[in-house]
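This report is meant for someone meeting the structure for the first time.

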Amino acid sequence: MIRRQRLAVGVCALLAALTAGLTFPTAAAADETEQAAPKVELVLDVSGSMRTRDIDGGTRMAAAKQAFDDVLDATPQDVELGIRTLGANYPGNDRKEGCKDTAQLYPVGPLDRTDAKTAVATLQPTGWTPIGPALLKAAGDLDGGSGTRRIVLISDGEDTCQPLDPCEVAREIAAKGIGLTIDTLGLVPDSKTRDQLSCIADATGGTYTSVQHKEELTDRVGQLVHRAADPVVTPVATSGTGQCTGAPTLTSGLYTDRAAFGQQRWYKVDVKPGQELRASVSVADDRAVNPSYGVLLRAVTAKGREIVRGEAAGTGRTDMISTGLRYPKPSSDDDNAPAETVCLEVAHSFSAPASVKSTPGLPLELTVDVVSGPDQAHDVASFGLGRGWWLLGTLVLIGFLAGVLWGWLSRWRVAIWRTN
């Protein structure tokens, strides 16, 4: 998979500029003293194929058990951890029964390392690979609370319970806006397995890793568990509307939403005199899309006049595309001057092949920051040209002077030619 490189550098620079001095509201802030405990559920494939002996001379199951033991010893005290299995209990050939075979081996909560290790030690490779049903159940295990929630899926093969596509399940989980991330680890360097596990991870902003050795598996699972304990800003789920009227009013913070193909999403932000609005948006393609795309972020007055816009476009394969804008509102001599309602429009031009489902919409992440404006702020966004207004004026002046100079030189040369 192509991971964002040059695009990612640009996105990071943009977000760093837009979020300088950022102060998030209580609803979106990561307050370490009040934030709920992070929750992680390890979802382990215990299907029959885990008997295969191809990881450092031992079975895949033995490598997974060793990794779990090491990770359980190193799990931070403040992380609530659980373990769910798939394919661990039903050994028969009835597909319908095999696709129900997922169970919570250890409940999500404060960790008793001895009990958790004892439970893992009892596992034996058994049945089917119902990844989709297991992810649905795992999402339910982690439901509730406002802390970080992460699923770590370890599997050695594709889901065997189609048509419940695990990629679609992951997209549905992401569309709920509950801030749950799914990371996947593949124990087999097989292209089909890699593609499916990558798709699951991409749908929720997670990561996919291929591992072929015990140490790699232990290290990666440990990293993901510890990552859940890192303080983060949890995006606030919101739902934009089809027009500015009735759109949700946002304050400074980080927000997530979904934008269907060909759909506009509108939001409102109140900007007082002397303040500056900084906004950025990122739209991710969590499924196969056509290789031509773009994203638009516009700031518009309540009466429909465009203030400023940011846009980006590209071709080829990508994971995400981003843009941003700034709008400083001039100060006012009237201390009681009302705030201006600015409408933010988000639209993208991604399109999907006929074989790809168009629902739910593509995930978008919107950053809004309202800060004190620069001294002697003025409307640099006049006529929708932003700071390009000054560049345009300079170019017009240079063009005029160049035209006058060229005309004078042409007349002078013609006069010399006639004289000679």
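In this predicted model, the axes of helix 6 and helix 7 come within 8 Å of each other and cross at roughly 10 degrees. Because angles under 35 degrees count as roughly parallel, helix 6 is described as roughly parallel to helix 7. The contact of helix 6 with helix 7 is made up of 7 nonpolar residues, 1 polar residue and 1 charged residue.

Helix 7 itself covers residues 191-203, and its 13 residues reach 18 Å from the first C-alpha to the last, which is close to the 18 Å expected at 1.5 Å a residue. At the start of helix 7, a side-chain oxygen of D190 lies within 3.2 Å of the backbone nitrogen of K192, while just after the helix G205 adopts a positive phi of about 80 degrees.

The buried residues of helix 7 are T193, Q196, L197, S198, C199, I200, A201 and A203. Several elements take part in covering these buried residues, including those in the table.

| Element covering helix 7 | Residues |
|---|---|
| Helix 5 | 131-141 |
| Strand 6 | 149-155 |
| Helix 6 | 166-175 |
| Strand 7 | 180-186 |
| Strand 8 | 208-210 |
| Strand 10 | 253-259 |

The protein as a whole gives the setting for these elements. There are 9 helices and 17 strands in the protein, and of its 420 residues 45% count as buried. Among the contacts in the protein with a separation of 6 or more, 77% are accounted for by residues 24 or more positions apart.

R60 is found in helix 2, which runs over residues 60-74. Is R60 buried or exposed? Its relative accessible area is 8%, and since buried means under 20% relative accessible area, R60 counts as buried. The side chain of R60 is joined to that of D54 by a polar contact of 2.8 Å.

Key
Residues numbered from 1 in each chain as written. Predicted model: local features only at pLDDT ≥ 70, side-chain atom pairs only at ≥ 80, totals over all residues. Heavy atoms only, no water. Helix = DSSP H or I, 4+ residues; strand = E, 2+ residues; numbered from the N terminus. Expected span 1.5 Å × (residues − 1). Buried < 20%, exposed > 50% of the residue type's maximum accessible area, 1.4 Å probe, protein only. Contact = heavy atoms within 4.5 Å. Polar contact = N/O pair within 3.5 Å; in protein donor to acceptor, adjacent residues only side chain to side chain. Axes fitted to C-alpha atoms, helices over the stretch in contact; angles between N-to-C directions. Parallel < 35°, antiparallel > 145°, perpendicular 65-115°, else oblique. Nonpolar A, V, L, I, M, F, W, Y, C, P; charged D, E, K, R; others polar.
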